Amino acid sequence: LPKMFQDAIPLLKKIEQAGYQAFFVGGSVRDYLLGRQINDVDIATSAFPEEIKSIFPRTADIGIEHGTVLVIEKEGEYEITTFRTESGYDDFRRPDRVEFIRSLEDDLMRRDFTMNSMAMDAEGVIYDPFDGRGDIKQKLIRTVGEPAERFSEDALRMLRGVRFVSQLGFELEAGTREALTAYSNLLSHIAIERKTIEFEKTISGHYRDKAFEILIQSTLYKQLPGLSGESEAIRKIARLPLVKRLNADQMWLLLTASMDADPSVFLKMWRLPSKVIKERNKEKDILSRRMKEGWTRELLFHSGLERAVNVEKVYNCILSSNSPIESLLEKYEALPIKDRKELNVTGNDLMNWSGKAGGPWVKETLEGIEKAILNEEITNDHDTIRRWLETCNPSEKN
Ligand code: ATP
Ligand code: MG
């Protein structure tokens, strides 16, 4: 068993010794059977939250109304969730009632897809009442029970299905796929934040091209912020040969650029953090300059390395070109200065030298100096700059 499981086995044993059942459940069991790396292990138990709290000395109530207690042991921190059923999904999203139960199988039944509805005990024995292993073997994503019913209970499951297509490259089982199309409009009931979590995983997955096609075919894309009129742009992105090389940040930039959207409108609709939106905004401007004029020293200087790399990767993807990132790095390394702070002259120097009071001319002159240094007209040397200013003062016009 992977170390992640090994480390948590003492917790399972402790719960068992207290007379309850405990299992690994959900994504960790799925990923283990797939041979994929495990992110975190979720533990499910027949013990009720208060019972878990009496077994472990250090706990935190992180979602006790849903049955989840955080257990803090020397092995690490683990979310332990009581077996439960859910009912009364009147709003197509969250259950009105959760009921704690003692049966593993009933807990597995409330889960979304067969591959996510398996459990494993401390001995490594797998419990798989819905034949998740059979579906994994066939590379199929299939809801537990009737897809129409399961998607009506919680419409986010549709987007989760697409997300798993993107991560695993599996197909949606036929009935599941049909229900996805038939019920796609229910996704409108889901909070943006939940959609964003799944969509970010979708745009980052190895099989994102496949997932994008499904978003279009199922018409699910119409329920996603800013994408409703954009089937052509989405399809085009799906078919870009290099699209798999991009990370999530770069994918957001690609989406924004492909639709020629304003990042501060489009990305805001997704409720991305304002810092992230600002970055993509800058990168979109840099991208359009890079398209027009290539990487001038000034553009590279003003971009900074991180933005330049993001932009170049997206540029390569859009044009299916292969401008090597290494040569961009070399170009950046060769810049005489990489930051305004490196200038060997300050605004105060300028004012002292000229005897003039401060004003917009200071900034303009500094920019002129910066440009001359970048273009290697002068070196970044205090006296050289002073002499250069005296002979061909760029702020004369002020
Ligand atoms: P990841 O590896 O990305 O974390 P995951 O399958 O573990 O994938 P989580 O969101 O962490 O996904 O959820 C853990 C488990 O909870 C799932 O495997 C599934 O069994 C169940 N689950 C999560 N969301 C839903 C949902 N909307 N409806 C039903 N079951 C769900
Ligand atoms: Mg998980």
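In the predicted model, the centres of domain 3 and domain 4, taken over C-alpha atoms, are separated by 30 Å. These belong to a chain whose domain assignment gives domain 1 (1-131), domain 2 (139-239), domain 3 (244-335) and domain 4 (341-391).

An open sheet of 7 strands was identified, with mixed pairing. Its strand order is β3-β4-β5-β2-β1-β8-β9. The edges are taken by β3 (59-63) and β9 (126-127). Each has a single partner strand, so one side of each is left without a neighbour in the sheet.

Within this order, strand β1 (residues 22-25) pairs with strand β2 (residues 42-45). The sense is antiparallel, over 4 bridges. A22 lies opposite T45 of β2. Helix α2 (residues 27-34) packs on the sheet. It touches β1, β2 and β8 (119-120). The direction of α2 makes about 60° with that of β1.

The strands run antiparallel, and 4 bridges join β3 to β4 (residues 68-73). A60 faces L70 of β4 across this pairing. The other hairpin is formed by β4 and β5, with 2 residues between them. Here 6 bridges join β4 to β5 (residues 76-82), again in antiparallel fashion. V69 has I80 in β5 as its bridge partner. In a regular strand, side chains alternate between the two faces of the sheet.

Helix packing was examined next. Two packed helices are described by the angle between their axes and the distance between the axes. For helix α7 (residues 156-168) and helix α10 (residues 208-217), the angle is about 155° and the axes are 7 Å apart. Angles over 145 degrees count as roughly antiparallel, so α7 is roughly antiparallel to α10. The crossing of α7 past α10 is right-handed. On the α7 side, the contact is made by V162, V165 and S166. On the α10 side, R208, K210, A211, I214 and L215 take part. By class, the residues of this contact divide into 5 nonpolar, 1 polar and 2 charged.

Terms used
Residues are numbered from 1 along each chain as its sequence is written. Chains are lettered from A and ligands numbered from 1 in the order in which they are written. This is a predicted model: local features need pLDDT of at least 70, side-chain atom pairs count only at pLDDT 80 or more; totals for chains, interfaces and linings use all residues. Two strands pair if DSSP finds at least two bridges between them. Two residues are in contact if their C-beta atoms, placed from the backbone, lie within 7 Å. Axes are lines fitted to C-alpha atoms, for helices over the stretch in contact, and angles run from 0 to 180 degrees between N-to-C directions. Domain bounds come from an automatic or database domain assignment. Angles under 35 degrees count as roughly parallel, over 145 as roughly antiparallel, 65 to 115 as roughly perpendicular and the rest as oblique. A crossing is left-handed if the near helix is turned anticlockwise from the far one by less than a right angle, and right-handed if clockwise. Ala, Val, Leu, Ile, Met, Phe, Trp, Tyr, Cys and Pro count as nonpolar, Asp, Glu, Lys and Arg as charged, and the others, Gly among them, as polar.
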